Amino acid sequence: MTFSRALLAASLAALASTGALARSETCQAATDPQIAALFDRWNASLQTGDPKKVVANYAAKSILLATVSNKPRLTPAEKLDYFQHFLEKKPSGTIDSRMIEVDCNTALDAGTYTFKFSDGSTVKARYTYTYKWNGKEWLITSHHSSAMPEK
């Protein structure tokens with residue numbers, strides 16, 4: 001074995017032992033309708049009135065940029081605080097338009113939705129959800145919602 005081959009072999013062995021070589025990843029298959037159903041799951045958790053059930057849709061490392069809050073919600077406790085107040089209005093959402101993109105263990109659902117509240121009011125907003133497969137289920141990693149700027 002030449003010196004350069006020996007050096008290459010030793011380098012590859014060192015990289016493999018440190019985990020620096022790329023690992024193969026098993027991708028969770030998902031269809032657009034399956035990703036669309038994740039909004040339905042989230043919306044159904046709103047209907048329970050239990051903020052803990054809503055927060056259970058979010059990954060531990062995730063962000064909520066909500067329509068009616070200026071504060072980014074990073075922790076489960078911050079999300080719980082937001083939903084405790086939001087759920088008092090008894091919201092129910094419907095998708096008006098959407099675009100879904102699915103990749104290896106990640107998905108994007110973005111578009112527009114309308115929220116109706118128990119007092120009869122409505123809010124039209126833009127939204128983006130990103131999801132990640134955690135080995136057992138799809139969870140929200142980012143959720144951004146903003147009211148439509150034009151009336």
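The following dialogue asks how terms are applied to a predicted model.

Tutor: Residues are numbered from 1 along each chain as its sequence is written, and side-chain values use heavy atoms, without hydrogens and water. In this predicted model, local features need pLDDT of at least 70 and side-chain atom pairs count only at pLDDT 80 or more, while totals for chains, interfaces and linings use all residues.

Student: Why is Ile140 called buried?

Tutor: Buried means under 20% relative accessible area, exposed over 50%, partly exposed in between (1.4 Å probe, protein chains only). Ile140 has 1%, so Ile140 is buried. Ile140 lies in strand β5, residues 138–147. Strands (E, at least two residues) are DSSP runs, numbered from the N terminus.

Student: What does Ile140 touch beyond four places in sequence?

Tutor: Contact means heavy atoms within 4.5 Å. The partners of Ile140 include Trp42, Tyr58 and Tyr131.

Student: Why does Ser146 count as buried?

Tutor: Its relative accessibility is 16%, so Ser146 counts as buried. Ser146 is also in strand β5. Among its contacts outside four places in sequence is Arg126.

Student: What makes β3 largely enclosed by the rest of the structure?

Tutor: Strand β3 spans residues 106–116, and eight of its 11 residues are buried, so β3 is largely enclosed.

Student: How do you know that β2 and β3 pair?

Tutor: Two strands pair if DSSP finds at least two bridges between them. β2 (residues 92–103) and β3 have 11 bridges, in the antiparallel sense. One of the bridges joins Asp103 to Thr106.

Student: What makes β3 and β4 a pair?

Tutor: β3 and β4 (residues 122–133) share 11 bridges, again antiparallel. Thr106 has Lys132 as its bridge partner in β4. Five residues separate β3 and β4 in their hairpin, where Gly120 has a positive phi of about 95°.

Definitions and conventions. Helices (H or I, at least four residues) and strands (E, at least two) are DSSP runs, numbered from the N terminus.
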